[in-house]
Amino acid sequence: MKLGKGKTLGFWMLTALVVGNMVGSGIFMLPRSLAEAASPAGTVLAWGITGFGVLMLALVFGNLALRKPHLNGGPQIYAKELFPNSPALSLLSGFMSSWGYWIGNIAGFVAVITTFASYLSTFFPVMNSVSVLFSLGSFELTIGHALNFVVCSLLLWGTHFLALRGIEGAGRLNLIATVTKVIGFALFIGIALFAFQSSTMGEFAAAHLDESGRSMSLLSQVNGAAVVTLWAFIGVESATVFAARAGRKRDVSRATIAGLLIAIVLYVGISILTMGLLPKEQLMQSQNPLVDAMTAVLGPYGGYLLAALGLISLIGSTIGWVLLSAEVPFEAAKQRVFLQPFRRENDKGMPKLSLWISNALGQLLIFSTISGSISQAFDFIIVVATLAYLVPYLIASVYQLRLTLTGEGYTAMRERRMDGVIAVLATVYSVWVVYAGMGDLKTFLFGVLLLASGIVFYPLLRKQLREADAA
């Protein structure tokens, strides 16, 4: 089938974007983050609840892509449709949700890039050097932090110029990297199954202590792990974001579900099995959990092999995330809910201004690698990014619920009821994770501040739209 202009993404490329964006930094760093947040029992429960909740969200995204094919650009775009009788409120909600989703995407690819630097240090230990390069007052720049900054910056801008050359070439490279990582992680699961030691995992429902040394209830552990496990599935909506570039709309929903199922198998298998390869204390201190786990099983060469797989995987994920980050404001601008200069394209049909600004903001976030460990930067970024994503997820769920209540786009009552139940479950899940994320109030408030910062640019959008309408 010959695709129209710009319609270059088929089912497999869309699935690769979904899997590639979900199975990125999280799969490498989450075993450590989960060991800090919960016991094995708390981790399993968190995965179960999150997997079910994200499945409901994926069904919402897939259904809306089919019923509202003209609304492209991601789940945040539905915000403007929630207020059809109030143009001003529709514009404000559309802009603010697009802003928050865009900021979340930028934080997302920075998390992937910082993880790449962490795994590259397996081959170049000097990247972990604590030797001071220079100091300024209380600030000290170590050789390791300087090298991490340089590596992260090179990966970001290398991906930037690849993306400017066109979606098809970048998509194919992402597909190759995704297939490689899925095969590699399947082999990791197979090896880990044979090497798994339940004694290493410890007691399944062992008491878990917080930073103050107080025992946490199982519910508190699940709440603490909820934001961490949701980060694993951020990107499930990737096919929806690229719906305007899809050859067939039905491929968007199919790719979303297929990608989610692949990610669930990989994430749950790897995070649980890693607990049986490394003692909890070692896992909580690890900067490269999967490399350390494979080193414990196969020796140094096993660790090097896993690190190499990680680098390939993270390059693919960086491509997907950078494309996603640029596509969001580009499509939102075309829907007239974002700053209009973001509509600019190059001769390859790529959103050039959006790419430049998104990656420039990402470069600012990469400065977080100059001080503190990679793992600390990762933990901070994923909480902020996850909370930024939850608003658009909640909006999409509420919009789906509205359609089922009004009957808009439905002819069969059975489909309407089924989609209504799914929308309610997706809404309840989104609200619960927002509540769980408020546990770390300082980080939560920082995330809210980032979302609210977009209001500064809202008057500029209104001015641009008035001038466009008057022209």
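Predicted model: local features only at pLDDT ≥ 70, side-chain atom pairs only at ≥ 80, totals over all residues.
Trainee: What makes up the protein, in terms of helices and strands?

Mentor: The protein contains 18 helices and four strands. Of its 471 residues, 56% count as buried. The protein exposes about 19300 Å², and carbon and sulfur atoms supply 67% of that area.

Trainee: How do you know what span is expected of helix α4?

Mentor: The expected span is 1.5 Å times one less than the number of residues. Helix α4 covers residues 87-120 and has 34 residues, for which 50 Å is expected. From its first C-alpha to its last, α4 reaches 50 Å, so the span is close to the expected one.

Trainee: Why is α4 called mostly covered?

Mentor: A residue is buried when its relative accessible area is under 20%. In α4, 29 of the 34 residues are buried, and the helix is therefore described as mostly covered.

Trainee: Which residues have the most contacts inside the largest nonpolar core?

Mentor: They are Val23, Phe188, Phe242 and Phe338, in a core of 125 residues. Helix α4 gives the most to this core, with 16 residues.

Trainee: What is Phe242 in contact with, leaving aside its neighbours within four places in sequence?

Mentor: The cut-off for a contact is heavy atoms within 4.5 Å. By that criterion, Phe242 is in contact with Leu9, Leu14, Leu17, Ile167, Leu323, Leu324 and Glu327.

Trainee: What makes Gln400 count as buried or exposed?

Mentor: Gln400 is found in helix α15, residues 374-406. Its relative accessibility is 1%, which is under 20%, and Gln400 therefore counts as buried. Leaving aside neighbours within four places in sequence, Gln400 is in contact with Val60, Asn63, Leu64, Tyr410, Asp419 and Ala423.

Trainee: Asp419 is in that list. How do you know that Arg67 forms a salt bridge with Asp419?

Mentor: Side chains of opposite charge can pair when their charged atoms come close. The cut-off is a side-chain nitrogen of Lys or Arg within 4 Å of a carboxyl oxygen of Asp or Glu. In Arg67 and Asp419 the closest N and O atoms are 3.8 Å apart, so the pair qualifies as a salt bridge. The pair links distant parts of the chain: Arg67 is in helix α3 (residues 40-67), Asp419 is in helix α16 (residues 413-437), and they are 352 residues apart. Arg67, Glu415 and Asp419 are linked in a network of salt bridges.

Trainee: Why do Arg67 and Asp419 receive the terms they do for accessibility?

Mentor: Asp419 has a relative accessibility of 12%, under the 20% limit, so Asp419 counts as buried. Arg67 has a relative accessible area of 24%, which lies between 20% and 50%, so Arg67 is partly exposed.

Trainee: How many salt bridges does a search of the whole structure find?

Mentor: The search finds 11 salt bridges. Among them, Asp251 pairs with Arg248, the closest N and O atoms being 3.2 Å apart. Asp251 is buried at 2% relative accessibility, whereas Arg248 is partly exposed at 32%. Another example is Glu408 with Arg402, where the closest N and O atoms are 3.9 Å apart. That distance is within 4 Å, and the pair therefore meets the criterion.

Trainee: Finally, what is noted about phi of Arg336?

Mentor: Phi of Arg336 is near 65°, a positive value in a residue other than glycine. Arg336 is found in the loop between α13 and α14. Its relative accessibility is 34%, between 20% and 50%, and Arg336 therefore counts as partly exposed.

Definitions and conventions
Residues numbered from 1 in each chain as written. Heavy atoms only, no water. Helix = DSSP H or I, 4+ residues; strand = E, 2+ residues; numbered from the N terminus. Buried < 20%, exposed > 50% of the residue type's maximum accessible area, 1.4 Å probe, protein only. Core = buried A, V, L, I, M, F, W, Y, C linked by side-chain atoms within 4.5 Å. Areas by Shrake-Rupley, 256 points an atom, 1.4 Å probe, with all protein chains shown as cover.
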